[in-house]
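Please open the model in your viewer and keep the sequence panel beside it.

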Amino acid sequence: MNKDMESLRNILGKARRICVLTGAGVSAESGVPTFRGDAGIWKNHNPMDLATPQAFDRDPELVWEFYAWRRMRMREVAPNPAHFALAALERIAPHFTLITQNVDGLHQSAGSENVLEIHGSIWTLRCPHCGAEEENREPDLPPLPRCADCGGLLRPGVVWFGEPLDARVWDRAVTVISECEVFLSVGTSALVQPAASLALAAQNVGAVTAEVNPEPTEQTEAMDYAFTGKAGILLPGLVPEQNA
Ligand code: OAD
């Protein structure tokens, strides 16, 4: 497996279609906790109590408490060099799609434009009763926010375990992967499906595949390139010089 950054940088500089999949690791250096591992959110919290539709039916106040805490944390943070490097890569590539599992909106804050939020956004609230959706960044949500249209109990606009992804967003992700020449996986444990399947889909269409992660994942061995380290340190070194 190749570890030559200059070689991948040259490939990225010439590629017409680039897809990047990001996970919680990209926001770690901004101060957003990841999910798995010793410092991860799921180390001390059971996702089945906080991130499933059943948990919300059972105890919506607890689920909202968790999301209010995450919104508070995410409001206080800023994009890091990894987010900015991916935004810079988008400006250079003729066709670039950023597929993210993150719900924090930091890619957009850093200037990324073509972003597919396959796990939704923590800044969107959705009414499961009438389907209304609103963007909402208010710091002080009521403990149980209500829909302005129908009075129903609003939920965070994120995808929970056991739920399907938004079909339009996912179909778009599958389409861009089927056309991509380079696929870069950054800061994801690659354990959650269907997101993790995108690497294999990219391989199947002959894309050059690469991973950036401080830890090996189940996909590391199958990648063409793998770089061990933090995204905020490594990604800036993968962005080709403009006009090069
Ligand atoms: P995970 O917490 O599973 O994995 C984070 C990955 O980031 C790990 O592989 C770490 O090694 C890596 N990492 C940590 N610090 C990093 C850094 N500075 N730079 C680069 N990588 C770093 O997070 P995800 O893979 O995003 O879904 O998890 C996928 C989904 O599972 C999430 O979207 C969420 C979660 O449960 C739902 O809530 C539905």
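The tour begins with the whole chain and then moves to single helices, loops and residues.

**Before you start**

This is a predicted model, in which local features need pLDDT of at least 70 and side-chain atom pairs count only at pLDDT 80 or more, while totals for chains, interfaces and linings use all residues. Residues are numbered from 1 along each chain as its sequence is written, and side-chain values use heavy atoms, with hydrogens and water left out.

**Stop 1: the whole chain**

Show the protein chain as a cartoon, and you will find eleven helices and nine strands; helices (H or I, at least four residues) and strands (E, at least two) are DSSP runs, numbered from the N terminus. The C-alpha atoms fill a box of roughly 55 × 35 × 30 Å along the principal axes. The radius of gyration is 18 Å, which agrees with the value near 18 Å for a compact globule of 244 residues; this radius is taken over C-alpha atoms, and the globule rule is 2.2 Å times the number of residues to the power 0.38.

Now switch to a surface view, where the chain exposes about 11,800 Å², with carbon and sulfur atoms supplying 50% of that area; the areas come from the Shrake-Rupley method with a 1.4 Å probe, and for residues only the protein chains shown count as cover. Of the 244 residues, 50% are buried, where buried means under 20% relative accessible area, exposed means over 50%, and partly exposed lies in between (1.4 Å probe, protein chains only). Among contacts (heavy atoms within 4.5 Å) between residues at least 6 apart in sequence, 66% join residues at least 24 apart.

**Stop 2: helix α1**

Select residues 5-14, which form α1, and colour its buried residues Ser7, Leu8 and Leu12. These three cover an arc of only 135° around the axis, so they lie on the same side of α1; the arc is that of the directions from the helix axis to the C-beta atoms. An α-helix has 3.6 residues a turn, so residues three or four places apart point the same way. At the start of α1, look for Asp4, where a side-chain oxygen reaches to within 3.0 Å of the backbone nitrogen of Glu6.

**Stop 3: the loop between β7 and α10**

Which residue in this region has a positive phi although it is not a glycine? Select Ala190, whose phi is about 55°, and which lies in the loop between β7 and α10. Ala190 counts as buried, at 10% relative accessibility. Next select Pro194, which has its place in the loop between β7 (182-186) and α10 (197-204); the peptide bond leading from Gln193 to Pro194 is cis, with omega near 5°. For comparison, most residues other than glycine have a negative phi, and most peptide bonds are trans.

**Stop 4: helix α10**

Move on to α10, where the buried residues are Leu198, Ala199 and Ala202. They cover an arc of only 105° around the axis, which places them on the same side of α10. The face turned away from that buried side carries the exposed residues Leu200 and Asn204. To see what the buried residues of α10 pack against, display β1, β2 (95-100), α9 (167-179), β7 and β8. Just after α10, select Gly206, which takes a positive phi of about 85°.

**Stop 5: Asn136**

Go to the loop between β5 (133-135) and β6 (155-158), and select Asn136 there. Asn136 counts as buried, at 5% relative accessibility. Not counting residues up to four places away in sequence, Asn136 touches Arg71, Trp123, Leu125 and Leu141.

**Stop 6**

A search of the whole structure finds zero disulfides, a disulfide being a pair of cysteine sulfur atoms within 2.5 Å.

Notes. Polar contact = N/O pair within 3.5 Å; in protein donor to acceptor, adjacent residues only side chain to side chain.
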